[in-house]
Amino acid sequence: MLVWEPGARLVFQWRASNFAPGEITEVDVRFEPAFGGTRVVLEHRGWDAIRMDHPVRHGQDGPATLATMGRWWGDLVTRYRRHAARPRPA
């Protein structure tokens, strides 16, 4: 964990299982007040340092890689939101 500001921000390093030593990206998650709850803003940066022919890109160019990762993070955060909204047993 690089930054932890409870209730406001979390920054950590992210590595795919096939990253070589030194290949690292960074995820910055911010929690912002929003009407009726909290807005989660997630930025996954550092892709410019990962070579274009890296297997993690699945043959995609830079914008397509970012779009794919955006969908992946969006799906993951949506699952977390749904899990958090489930009723808890008493």
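User: What makes the link between the side chains of Thr 25 and His 44 a polar contact?

Analyst: Start with the rule: a polar contact is a pair of N or O atoms within 3.5 Å; within protein, one must be able to donate a hydrogen and the other to accept it, and residues adjacent in sequence count only if both atoms are side-chain atoms. The side chains of Thr 25 and His 44 are joined at 2.6 Å, so that distance falls within the limit. One thing to keep in mind is that this is a predicted model, where local features need pLDDT of at least 70 and side-chain atom pairs count only at pLDDT 80 or more, while totals for chains, interfaces and linings use all residues. Residues are numbered from 1 along each chain as its sequence is written, and side-chain values use heavy atoms, leaving out hydrogens and water.

User: How do you know whether Thr 25 is buried or exposed?

Analyst: We compare its relative accessible area with the cut-offs (buried under 20%, exposed over 50%, partly exposed in between, with a 1.4 Å probe and protein chains only). Thr 25 has 2%, so it counts as buried. It lies in strand 3 and, leaving aside neighbours within four places in sequence, it has contacts (heavy atoms within 4.5 Å) that include Phe 12, Trp 14, Phe 19, His 44 and Trp 47.

User: Which label does Glu 23 get, buried or exposed?

Analyst: Glu 23 has a relative accessible area of 13%, so it is buried too. You can find it in the loop between strand 2 and strand 3. Its side chain makes a polar contact of 3.5 Å with that of Arg 51. Beyond four places in sequence, Glu 23 also touches Arg 15, Asn 18, Ile 50 and His 54.

User: What makes strand 2 and strand 3 a pair?

Analyst: Strands (DSSP runs of E, at least two residues) are numbered from the N terminus, as are helices (H or I, at least four), and two strands pair if DSSP finds at least two bridges between them. Strand 2 and strand 3 share 6 bridges in the antiparallel sense, so they pass. Among the facing residues, Trp 14 stands opposite Thr 25. Strand 1 and strand 2 have 3 bridges, and strand 3 and strand 4 have 9.

User: Why is the ring pair of Phe 19 and Trp 47 given its type?

Analyst: Rings of Phe, Tyr and Trp (its six-membered ring) pair if their centres lie within 6.5 Å; planes under 30 degrees apart count as stacked, over 60 as edge-to-face and the rest as tilted. Here the centres are 6.4 Å apart and the planes at 80°, so the pair is edge-to-face. Phe 19 sits in the loop between strand 2 and strand 3, and Trp 47 in the loop between strand 4 and helix 1 (62-85), so the pair ties together parts 28 residues apart in sequence. Both residues are buried.

User: How do you know how the reach of helix 1 compares with the expected one?

Analyst: The expected span is 1.5 Å times one less than the number of residues. Helix 1 has 24 residues and reaches 34 Å from its first C-alpha to its last, close to the expected 34 Å. Its buried residues are Thr 65, Met 69, Trp 73 and Leu 76, and their cover includes strand 2, strand 3 and strand 4. At the start of this helix, a side-chain oxygen of Asp 61 comes within 2.9 Å of the backbone nitrogen of Ala 64.
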